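Let's take a friendly walk through this structure together. Please keep the sequence and the model side by side as you read.

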Amino acid sequence: MTCQQSAPAVDVSPPAWLRSAVGYQVFVRSFADADGDGFGDLRGLIGKLDHLNDGRPGGDDLEVDLLYLMPLHPASSYHGYDVTDYCAVSPELGSLDDLRTLLAEAHKRGMRVVMDLVLNHSSSAHPWFVSSASGPEDPKRNWYVWRGDDPGWARP
């Protein structure tokens with residue numbers, strides 16, 4: 001397909017359930033601390049699920065239908081938007097088993113879970129980036145955009 005050709009039509013309208021869903025965005029690191037280290041974690045979030053949705057109609061929960069989790073992967077920064085390992089959970093937040101438990105417990109209560117997967121912001125410490133940066137012949141070289149000159153951009 002060239003730029004002049006049209007892509008096939010794709011229905012991008014939200015599913016019916018999403019039109020009336022109550023969503024709740026969670027930055028796990030600051031939400032609830034289960035292990036007492038001063039940082040929120042997945043076990044802390046699991047412990048608060050009944051406040052968000054206890055799975056029973058009515059009551060005093062927030063009736064959340066959708067949990068939107070900010071990045072959970074190991075990263076070079078506090079906020080998690082520069083991932084170093086896409087196949088793991090940041091150890092400060094818990095484990096893959098904790099994530100599996102969270103998903104199971106959320107689903108028991110009728111909640112869906114969406115994870116923020118930041119594929120366009122890997123860390124400079126991520127093995128893909130390190131490989132890509134190793135030279136023009138590297139197989140992952142075209143996974144990132146490289147330029148031969150310094151554009152002179154200042155850091156924020």
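**A buried charge and its partner**

Aspartate 98 is buried, with a relative accessible area of 12%; here buried means under 20% relative accessible area, exposed means over 50%, and partly exposed lies in between (1.4 Å probe, protein chains only). Before going further, please note that this is a predicted model, in which local features need pLDDT of at least 70 and side-chain atom pairs count only at pLDDT 80 or more, while totals for chains, interfaces and linings use all residues. Residues are numbered from 1 along each chain as its sequence is written, and side-chain values use heavy atoms, with hydrogens and water left out.

What does the side chain of aspartate 98 meet in a salt bridge? The partner is arginine 43, at 2.8 Å from N to O. A salt bridge is a side-chain nitrogen of Lys or Arg within 4 Å of a carboxyl oxygen of Asp or Glu. This pair links distant parts of the chain, with aspartate 98 in helix H3 and arginine 43 in helix H2, 55 residues apart. Helices (H or I, at least four residues) and strands (E, at least two) are DSSP runs, numbered from the N terminus. Arginine 43 counts as partly exposed, at 43% relative accessibility.

Aspartate 41 sits in the loop between strand E1 (23-26) and helix H2 (42-52). Aspartate 41 is buried yet has no salt bridge, and the nearest side chain of opposite charge, arginine 43, is 7.3 Å away. For charge, Lys and Arg count as positive and Asp and Glu as negative, while His and the chain ends are not counted. Leaving aside residues up to four places away in sequence, aspartate 41 touches Val28, Ala32, Asp33, Ala34, Asp35, Glu92 and Leu93, where contact means heavy atoms within 4.5 Å.

Helix H2 itself has a buried set: Leu42, Gly44, Leu45, Ile46, Leu49 and Leu52. Which elements cover these residues? The cover includes E1, E2 and H3.

Two of those elements bring us to the sheet. Three strands form an open sheet in the order E1-E2-E3, with parallel pairing. E1 and E3 stand at the edges with a single partner strand each, so one side of each has no neighbour in the sheet. From one strand to the next, the twist averages 20 degrees; axes are lines fitted to C-alpha atoms, for helices over the stretch in contact, and angles run from 0 to 180 degrees between N-to-C directions. E1 pairs with strand E2 (residues 66-69) in the parallel sense over four bridges, two strands being paired if DSSP finds at least two bridges between them. Within this pairing, tyrosine 24 stands opposite leucine 67 in E2.

Our last stop is arginine 109, in the loop between helix H3 (96-108) and strand E3 (112-115). Is arginine 109 buried or exposed? Arginine 109 is buried, with a relative accessible area of 15%. Its side chain reaches the backbone oxygen of glutamate 105 at 2.8 Å, and the side chains of glutamate 105 and arginine 109 also meet in a salt bridge (2.9 Å, N to O). Glutamate 105 is buried as well. A network of salt bridges links Asp50, Glu105, Lys108 and Arg109. Among the residues that arginine 109 touches are Leu49, Asp50 and Asp54.

Technical notes:
A polar contact is a pair of N or O atoms within 3.5 Å; within protein, one must be able to donate a hydrogen and the other to accept it, and residues adjacent in sequence count only if both atoms are side-chain atoms.
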